[in-house]
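Thank you all for coming.

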Amino acid sequence: MSDETLAATRNAPAPTRAAADYLEADDGDTRRFWELDVRGPYLRTYWGNVGQKGKSRTRKFASSEEARAAGAKLLKQRLAKGYAVAAKPLCSSYGLIARCT
């Protein structure tokens, strides 16, 4: 990596993340994860079983404010369905969450 590329990477703004953007639910038989990522007008959700690759969906909104509002609504719905805020795992596969085994 060149010095210019390294400097640009260090100076790039960090993505805006919600404090409670990674959730897990355990119903006894399966453990599921759900993650929210809002970057500008884009809202991306990741979901699946813990330990597996999972799926993702990206939606584009007219503004970053609309994307954040939609994300907050989805987060509230998941919490109502029994998901709880959890520590995000350190390992991921292709950008999708998978627990290290």
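Predicted model: local features only at pLDDT ≥ 70, side-chain atom pairs only at ≥ 80, totals over all residues.

**Strands, a ring pair and a core**

Let me begin at a turn: in the hairpin of S3 and S4, where five residues lie between the strands, Gly51 adopts a positive phi near 95 degrees. Residues are numbered from 1 along each chain as its sequence is written, and side-chain values use heavy atoms, with hydrogens and water left out.

When I say strand or helix, I mean DSSP runs numbered from the N terminus, with at least two residues of type E for a strand and at least four of type H or I for a helix; two strands pair if DSSP finds at least two bridges between them. Strand S3 (residues 42–49) and strand S4 (residues 55–60) run antiparallel and are joined by six bridges, with Leu43 opposite Arg59 and Trp47 opposite Lys55. On its other pairing, S3 meets S2 in the antiparallel sense over eight bridges, and Arg39 stands opposite Tyr42. The hairpin of S2 and S3 has two residues between the strands, and there Gly40 takes a positive phi near 60 degrees.

Now to the aromatic rings, where I count Phe, Tyr and Trp (its six-membered ring) as paired if the centres lie within 6.5 Å, calling planes under 30 degrees apart stacked, over 60 edge-to-face and the rest tilted. The count by this rule comes to one aromatic pair. The ring centres of Tyr22 and Phe33 are 6.4 Å apart and their planes are at 15 degrees, so this pair is stacked. It links distant parts of the chain, with Tyr22 in strand S1 (residues 22–26) and Phe33 in strand S2 (residues 31–39), 11 residues apart.

Finally, the interior: a nonpolar core is a set of buried Ala, Val, Leu, Ile, Met, Phe, Trp, Tyr and Cys residues joined through side-chain atoms within 4.5 Å, and buried means under 20% relative accessible area, against over 50% for exposed and in between for partly exposed, with a 1.4 Å probe and protein chains only. The largest nonpolar core has 11 residues in all, among them Leu23, Trp34, Leu43 and Tyr83. S1, S2 and helix H2 (64–80) each supply at least two residues of this core, and H2 gives the most, with four residues.
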